[in-house]
Structures are given as C-alpha cells and as structure tokens.
Amino acid sequence: MTGARNQAIGRAALGPSTALRAPRAGLIHAAVMSERAVVIAGAGPTGMMLGAELTLAGVDVAVVERRPTPELDGSRAGGLHARTIEVLDQRGVAGRFLSQGKTMQVAGFALNPLDVSDFPTRHPYGLALWQKHIERIMAEWVTELKVPILRGLDVTGFTQDDRGVAVSLSDGQTLRAQYLVGCDGGRSVVRKGAGIDFPGWDATVSHVIAEVEYAQEPAWGMKQDARGNHGFAKLEDGRHARVMVTEERVGQTGEPTLEYLRELLTKVFGTDYGVHSPVWISRFTDMARQAASYRAGRVLLAGDAAHVHYPAGGQGLNIGVQDAVNLGWKLAQVVKGTSPESLLDTYHSERHPIAARVLRMTLAAVAAGRPDDRSKALTEMVGELLRMNEPRKRWAGMMSGLDVRYELGEGHPLLGRRMPDLEVLTAEGPRRVYTFLHRATPLLLNLGEASPGDVSPVQRVDAKYGGAWELPVIGAVPAPAAVLIRPDGYVAWAGEPSDPKLREALRTWFGVTG
Ligand SMILES: Cc1cc2nc3c(=O)[nH]c(=O)nc-3n(C[C@H](O)[C@H](O)[C@H](O)COP(=O)(O)OP(=O)(O)OC[C@H]3O[C@@H](n4cnc5c(N)ncnc54)[C@H](O)[C@@H]3O)c2cc1C
C-alpha cells in the first residue's frame, strides 16, 4: 500500500518513463519589429500555444523569450492529459506529440489511479512525454506557422494607456502593441508590473529535483520517510536519473548545488550513489498562488504567470495550454474589432475557476501525501471512494480536463462543454468535427433539415450524424439539430436553428449582426 502511495505522490514530479526519439533542436523564426497587435512575454508551452492561436487567426504577434534557444535544461513536466491532446487535435497537430510519447493512464490522486479508458473521446488516455520534448515539438510547429519569436531578450517592464502598451526589452528596444500577454512563468514580470495580486498559500514542503548521472545504480522508485517523499526515475537514455529529495525545511534560498543534493541523498538513502554531471538542478515547493485578476486593462496573464501550484496531478502545463486556447480567439476578435473588449472578461470568468480547482486539488494532494498515519488513513479512505464508479468518473473528468464546463447559462447539456469529435457525413464524405477547427475559426454544425440561414463569417457545415451523443462524466445527451462551436472547441449554443438564442449567441461570441 505504502509503496503504491509513494509512487502516486512522486509520479508527477518524477514523471513516467518513456522511450523517445533523440531530441532535435527546433529552429525559431526571428524578427524584430517595433509595432505589433499583441506582444507575448515568454515562449514556454503557454506562450507558444498563444502565439500559434493568434497567428492562425491572422493577428500580428511577437513573442519575446529570455532563453536564446528553445532547448530546456531539464525535462520538467511529464506529459499531457486527455483534454490537452484533444485541444492539439483540434489544431491538427496531436499526432506529432502522440508519435513521440507513450499513451497511458496518467490521471490519479494520491495512491489512486483514475482510469479514463471508458471515456467517450478519441483520446481516452494521457501521454507520457517530457516537457522538453513537448516544447521542442511546439517550437517546430510555431516555426512552420511563422510565429515571430524574439529570442535572448527579456521583457523588463511596460507602460499602458488607452491606446496601447509600450513593452521595454532588455536590449533597450521598445515594442508597441495593443495588448501584452504575460506567459512569463511563475515569477512573471508582467504580473508584477501590472500590480496584479497573487494571493494563495505559502510553501509547507520543498523538494530538490535534478537530472544527474550516477556511479552506482540507485534504488528506483519512491521512498517515504518521516521527512517526506523521495525518489529516483530512470531517464530514457539509461545514463541519467531524475531524482527528487524532500528538504528538511522550507524557505531555503539560493539555487541548489550538486554538493547540496549529495548531502540530502546521503541523509535519506545513506549514500549519494555517486551522482555527478548534473544537467539540471532545481527546487519546487507546494506554494499555491493565483492571480486575483487575469486582466488589467491591456495586459493579460496566462499559464504559470496566472497560477502556480504543486505538480501533483500534472496539471500546470496542461491548464496553461488550455488558457492560451481560451484566450487566443477572443483576443484576436478584439484586436480585429469584431468583438468588444468586454469579450476579454470572459477569459477570466471562464479560466480562473479552472485553475482555482487545480490549486484546491493540489492542496489536498499535499495533505494526502504527508508521511503521518492520519494522512495515510485519509488517503486510504479517499481511495475507497475513488474506486467506486461515480466518484472515479467525476475525479477522472476533472484531472483529464474532459469535464470542463464554462458557465454559459441554461440550455442544452452541451452548452459550455467541449464538442465531441464526432464523425459526421458531409457532401464531401465523412469528416471528423475537429478537422473543421484546424484554422481556429468558429463553426456552425447543422445536422438537421432546417436551414440556419447565413451565419458568415462563421463557417457553416451541413452534415448528417445518426450516432450517439455522449459526454465524459455526464453520459448520453439528446442529439441537437445544430451546434455552434467556438474556436476553442466549446459549445456556444446547441438546439434547433429556429431558436432565437442562436442569433444571440452568434452576436455575443462572434459579432455576427445579420
Ligand atoms: C518538477 C515539476 C514537474 C511538473 N510536472 C508537470 C506535469 O506532469 N504536468 C503538467 O502539466 N505540468 C507540470 N509541471 C508544471 C509545468 O512545468 C508548468 O506549469 C509549465 O511549464 C508552465 O508553462 P508556462 O509556459 O506557463 O510557463 P514556463 O514554462 O515557466 O515558461 C515561461 C517562459 O517565459 C520565459 N520568461 C520568463 N520571464 C521572462 C521575461 N521577463 N521576458 C521574456 N521571457 C521570459 C522563460 O524563459 C520561459 O521560457 C511541473 C513542474 C515541475 C517543476
């Protein structure tokens, strides 16, 4: 029991092992311009995804990135959950990631695996793929899309007024833009510059994490003692290990060194296994904080800049990418004048609750992972619940991101939920619904006999579908005659084309006035 429990706790930090192809450096298209519609600070997973979304929407964007090359020193996050794979599928690039990782059941809470293999999705699994590979594949994609990334530069500050934002860079340049988005990670300069509060919980546990070579084979897997959880995982090259050790106390300052890691290992394992030649040494804690507002005027936040938390459950990268996909089309429409600025407020109202529940889950996961008997008893009792089908489905829906429902009011059960990737029959033959979202444009899918009329510039597809409609967690739902789907894949309206709410939704979300 205890071994399984430790494995679950450490899995997100150590990540599942997977066989991968050798990394290849992504080439990044660089350009220097002084005037852009949108400037993004940071080309991590969130910034790259947002850059792709805005570029697909035809918005003039520049991404400013501190790192001179796309390579990451360490492997960091261990993979993708089902909804993130779907989101990438909506853009036609999921296969690039799937072909380089390993699909497996990755969702879990404390010792409890949460299987999603019975969920109605084309991707009823997660993907084990290290963040350094995820970023490499993303970098290749954004290069193809010609997203301009200005590398080796820091955003150092900005000023904003009614007309735009002036973004200062570390080389003395200033970029003018209509909007600035901070995708610059947990220590976000953009968030601090915007004066956005970052309330939350201070750290109660602190770990050193590293990727090192070793002289003696370590004890693979997780170990728990009175101090907390520790562990070793073999990396794909067989030469390096990923090691995590819990520190005696929180609040240590300064970057951890190899000497310090060796000391910690010796205290916990009685040996340092001769670890040497570190590729990456870092520290992470269970500090959990969330931006009080995701927007301050012309400045927005996404990803770790907006929320930081313990990696248990493997959520951070996933919800960052999903933030970007929620924000991208909205920002594009505002910049193009299709929609009023107030559309941007729906970014906060939709995405803030999603990260808030992730923070709550990580607080619970830290409590469940403590090495005392009371925490163990609590974890075991939660486990008993999660082995029942209904609680398992609910938690698996949350951890996989497949249960997300944005509050869009009363209506069909699809409203505010992700559109399933059905195979529909069009005049050109069978097509998967997600293929109509590849260009990040909205879609009215008309499956009935009645005509919804002209909905341009929204794309309209007339098709037939006679199969079941089933949603993760919810189960079967009634078949709608038509569905209005946002570029992020969430349903803005569903029903009969004669329903006046269709015109209202077309106007509200996409500025269609006819
Ligand atoms: C040990 C560990 C395990 C994890 N495991 C998982 C997991 O399994 N699943 C998961 O989903 N998440 C996991 N995470 C979290 C995940 O790594 C982060 O949530 C994710 O990297 C956030 O992406 P981001 O693009 O928002 O921010 P970041 O990845 O931090 O990217 C920010 C980018 O901005 C750049 N930057 C910063 N400041 C500036 C500036 N002023 N100017 C210009 N550029 C700047 C940085 O160089 C960086 O490239 C884990 C994290 C850790 C530490």
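Does Val-461 count as buried, exposed or partly exposed, and how many C-beta neighbours does Val-461 have inside 10 Å? In this predicted model, Val-461 has 17 such neighbours and therefore counts as partly exposed. The residue belongs to strand β25, which runs parallel to β24.

- Leaving aside residues up to four places away in sequence, Val-461 touches Thr-426, Phe-436, Leu-443, Leu-445 and Asn-446.
- Val-461 and Trp-141 lie 320 residues apart along the chain, and 27 Å separate their C-alpha atoms.
- Strand β24 comprises residues 443-446 and is covered on both faces. Leu-443 and Leu-445 are buried on one side, while Leu-444 and Asn-446 are buried on the other.
- The parallel pairing of β24 with β25 (residues 459-462) rests on 4 bridges. Within it, Leu-445 has Val-461 as its bridge partner.
- Strand β28 (residues 482-485) also pairs with β24, here in the antiparallel sense and over 4 bridges. In β28, Val-483 stands opposite Leu-445.
- The loop between β24 and β25 contains Pro-457. The peptide bond leading from Ser-456 to Pro-457 is cis, and its omega is near 10°.

- The domain assignment gives domain 1 as 27-73 + 134-203 + 287-367 and domain 2 as 79-129 + 374-404. Domain 3 covers 205-285, and domain 4 covers 423-510.
- Taken over C-alpha atoms, the centres of domain 1 and domain 4 are separated by 29 Å.
- In the contact between these two domains, domain 1 contributes 8 residues and domain 4 contributes 6 residues.
- On the side of domain 1 that touches domain 4, α2 and α8 are the elements giving two or more residues. The most comes from α8, with 4 residues.
- By class, this side of domain 1 has 4 nonpolar, 3 polar and 1 charged residues.

**The shell around the ligand**

- There are 35 residues around the ligand, of which Gly-42, Gly-44, Gly-185, Gly-303 and Gly-316 come nearest.
- At least two residues of the shell are supplied by each of α1 (2-14), α2 (45-56), β2 (61-65) and α8 (316-336).
- The largest share, 4 residues, is that of α8.
- In terms of class, the shell divides into 14 nonpolar, 14 polar and 7 charged residues.

**Helix α11**

- Helix α11 holds 12 residues (residues 389-400), and at 1.5 Å a residue these should span 16 Å.
- The buried residues of α11 are Arg-392, Lys-393, Trp-395, Ala-396, Gly-397, Met-398, Met-399 and Ser-400.
- These buried residues pack against α3 (82-90), β5 (108-109), α9 (345-368) and α10 (373-386).
- Gly-401 follows α11 and has a positive phi, near 80°.

**An open sheet of 3 strands**

- The strands of this open sheet come in the order β12-β18-β21, and their pairing is antiparallel.
- Strands β12 (200-201) and β21 (307-308) form the edges, each pairing on one side only.
- Strand β12 is joined by 2 bridges to β18 (residues 288-290), and the two run antiparallel. Gly-200 has Arg-289 of β18 as its bridge partner.

**Positive phi outside glycine**

- Lys-146 is a residue other than glycine with a positive phi, near 65°. The residue is found in the loop between α5 (131-144) and β8 (149-151).
- Lys-146 counts as exposed because 9 C-beta neighbours lie inside 10 Å, and the cut-off for that class is 12 or fewer.
- Ser-277, also a residue other than glycine, has a positive phi near 45°. The residue is placed in strand β17 (residues 276-285).
- Ser-277 has 11 C-beta neighbours inside 10 Å and therefore counts as exposed.

Technical notes: Residues numbered from 1 in each chain as written. Predicted model: local features only at pLDDT ≥ 70, side-chain atom pairs only at ≥ 80, totals over all residues. Near = placed C-beta within 6 Å. Nonpolar A, V, L, I, M, F, W, Y, C, P; charged D, E, K, R; others polar. Expected span 1.5 Å × (residues − 1). Buried ≥ 20, exposed ≤ 12 C-beta atoms within 10 Å, placed from the backbone. Contact = placed C-beta atoms within 7 Å. Domains from an automatic or database assignment. Pairing = 2+ DSSP bridges.
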